[in-house]
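Me: I want a close look at a single part of this model. Please keep to the geometry and give the cut-offs.

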Amino acid sequence: MAVAADSAADQDPNPVPDEAAGESVEAPAYPDHGEPNADAADVEYEDEEEELDGEAAEAAAREKVEAVFRRLSEDPVGIRVHDVIIKGNTKTRDALIEAEVVGLIRSAATVQDLVRTASVANARLRRLDVFDSVHILLDAGPPELPGTTNVVIEVVEAANPINGSVGCFSKPEARSWTVEGSVRWKNIFGYGDIWDASGAYGWDQSSEIGIGVSLPRFRSIPTPLTARASLLSHDWLKFSSYKERLVGLSFGLLSGVHHDLSYNLTWRTLTDPSQEASQSIRRQLGHNLLSALRYTYTIDQRDSNLRPTKGYAFVSTSQVGGLWGSKGLRFFRQEFDIRGAVPLGFYNAALNAGISAGVIVPLGRGFMESPSSVPDRFFLGGHSSPVISLGSLTSLLGFKTRGVGPTELRRFVPSESVTDESAASPGWDYLGGDFAVSAFADLSFNLPLKLFQDAGIHGHAFLTAGNLAKLSEGEFRNFSFSKFGRTLRSSAGVGIILPTKLLRVEINYCHILKQFEHDRGKTGIQFSFSSPM
Amino acid sequence: MASAAAAAAAEWEAAARKVLVARKPCFGLPTACPTCLPVFLYLRMAQVPFDIHVDTNFPDADHIPYVEFGDCVAFNNEKGGVIEYLKDEKIVDLNSNHPSVSSTDVLETKAMVSTWLADALLYDLWVVSDGSIANDIYFSDLAWPIGKILHWKKTRHVKQLLGITKLNAAEKEEEIYRKASAAYDSLSIRLGDQVFLFDNSPTDVDALFLGHALFVLNALPDTSVLRGTLQKHDNLVRFAEHHKVQLLETSSSSSSGLGSSPSPSSSTPRRRPSSDQSYKPKPRTKKERTEEEKKFRRRAKYFLATQLVAVLVFLSLMGGVDSSELDDDDGLDYED
């Protein structure tokens, strides 16, 4: 008496369920009186059947099923959903499940539609990620109301609400490897909420701990919302003579396939325990409130994140800071990233090329002479591969992290003794740039040995270039694109990429083609590790 | 030591501009922070021309106030403070002008001012006051959540520093004010009718005490016990008023105006004095050893990295790559 849409089976939108998929369909018991387009009632109530013996009963049942299929495949069969019953949810609120699927189910007017929408509802509920399994059954409606059906949604909540993971990665914005661990709790309060606590520790003493929650929907807002509180610390003493500590809240307000809007409220503290910073950095030490809204628009039509061979991608990130009134950090930051991949036909080779640019402008009174905030500026350098880091404007292979761009002499301490080496060269602070451009071209190809091809190991040859310029504090008057182009740093090289289950390993030999004073570029072999996903 | 002092003094002489970074002006004072004001006054007394840059972001910094000269910096939390550093490096030493004054006297008076009077001022500013004075000086340019939290932290820190707990609060207060009163008495007697505390010639103690007195008289409210105690000593009040007019209100042509000065920052190196006099060339053996060390470290790094890569390659070739794990297919994926 029921048509079951089972979560285990792969659904296809074909309104005629396929018997071979293992679904069981029994004769529905709905007569269609009063439906103008329906055929003449041909189906009998099951309880009016005569008692038949075993084989004949089976044959009769089969014939009934076939009759149903014939009917369903000929014309739309009208139906009305009378009631939606939710079972099996001990913790999860009814309201959540109803909000996800009821509107959809009730909108179905024919049986075919209903079966299709039941599959969609099933997928939606599974996507909440808080149930172990979801079954949707279409049952007969109350006998006094012909042409109706009751939809029963049976959920099995996740038996083990906690799961955790540990991984080791190298992020583009961090100086070196980080070990990350996270624990997730699902559905604590029954709203489909997923809580996660994560901690990450990096080899360069940078660390982060955070706790976040994501809700699939909040009251009438249909898109998922996330909130996260985190405590993060970064050590940039070796590069720019400061350490930063951030305590903040961030809210993901809108997140979809193309759009992402988030709000960030962070208390940022810059300190310099070494007391060796240059003047520009010294002036920026202290506390600041960063209240910023960030909007990201992404189109990614590439066929793969890790080894794109075809397609294009475009990311635009805009960030406006200073929404807390006049006392927070006020700036506008915009980044563009556009790239494409073209297959070349032989050896599974592909040419990837891309260019990204970014600019940061301080806002507020006297913005033309005021400095931009150092941690928000652009920095180039590091070992992260440009091909896989979409939307991140930091890759310039061959140069050390933050190893490019405007610099300033650090504090000079007159030596106490003549053998004190540190007095001779105080070192340089890398200040980053307000305007940055970086571009890359990468040719990836399979290696000739079949062994390598099977393991996914491939080679690549690349060319990267980039430059930074300072625009704040009146320097934009001295800026010219021709000078910017002439001082473009570049590097080229070849390498091998080994994708393994734990990490994606990249071994590159980089040759610096062009670098300028104080840049830290090094010709030689480099390793880069990143997440395998 | 002589070479180091000479190097610092040479830098000072060669510096085109000296910049004092201090907290913001308030209550009619060029800088309202009681730690920064003595340094300001000391430089004024020594008739050193300097610019002032206001720092608004770092109220809980130990290193402020600091003086920049050329590429060098004298911080508050190094070598006993800015004034001590300037004296030790023989850059600006007011005390050397009158060697007849017993240094023990100066030291005792300085100890009294820097401990008893400073503690009393801290107590009045952070514990007794309702917080509005401290807010105006330190936190008015920060966003209010940060300001509130830092204020609370500082108040707690001051209470810990002074050893004040709920049980002994009254006793501690009485002790603090008693010591301050005794200090004022002693200073009043020492000052007498003179212009300065020691022999009519300025010392660093004058700068320290003047900074304290100007703050107490101008920033603390009328109801403050400390202010009341100070006002009982007419000669001390006259001392403060007289020097305020002398040093602050007649802003001489030698020092430029208040406010933040634009700081040029570019990647061109600043002018440095010729380094011949100050430094000898490094001994060769030490340099070579460092080179060797560096080479060794680099080689060790390469070796370890190669080992790791070899292990990973082995694992990946033997294990194969599981690319089907990348996509978690839940069935149909419908777009809303």
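What volume does the second largest cavity have?

Reply: The model is predicted, with local features needing pLDDT of at least 70 and side-chain atom pairs counting only at pLDDT 80 or more, while totals for chains, interfaces and linings use all residues. Residues are numbered from 1 along each chain as written, chains are lettered from A and ligands numbered from 1 in written order, and side-chain values use heavy atoms, without hydrogens or water.

The second largest cavity has a volume of about 80 Å³ (the space filled by probe spheres set on grid points, joined across faces, edges and corners). A cavity here is a set of points, on a 1 Å grid over the protein atoms alone, where a 1.4 Å probe fits but cannot get out. Counted this way, there are 12 cavities of 30 Å³ or more.

For the second largest cavity, 14 residues form the lining (an atom within 4 Å of a point), and those closest to its centre are A:Arg339, A:Ser356, A:Pro386, A:Ser438 and A:Phe440. Two or more lining residues come from each of strand 14 (331-343), strand 15 (350-362) and strand 18 (435-446) of chain A (DSSP runs of E, at least two residues, numbered from the N terminus). By class, five lining residues are nonpolar, seven polar and two charged (Ala, Val, Leu, Ile, Met, Phe, Trp, Tyr, Cys and Pro are nonpolar, Asp, Glu, Lys and Arg charged, the others, Gly among them, polar).

As for the chain around it, chain A is assigned domain 1 (72-157) and domain 2 (223-411 + 426-530), with bounds from an automatic or database assignment. The C-alpha centres of these two domains of chain A are 47 Å apart.

Terms used: 1 Å grid on protein atoms, 1.4 Å probe; cavity = no way out; pocket = protein on both sides within 12 Å on 5 of 7 lines; lining within 4 Å. Helix = DSSP H or I, 4+ residues; strand = E, 2+ residues; numbered from the N terminus.
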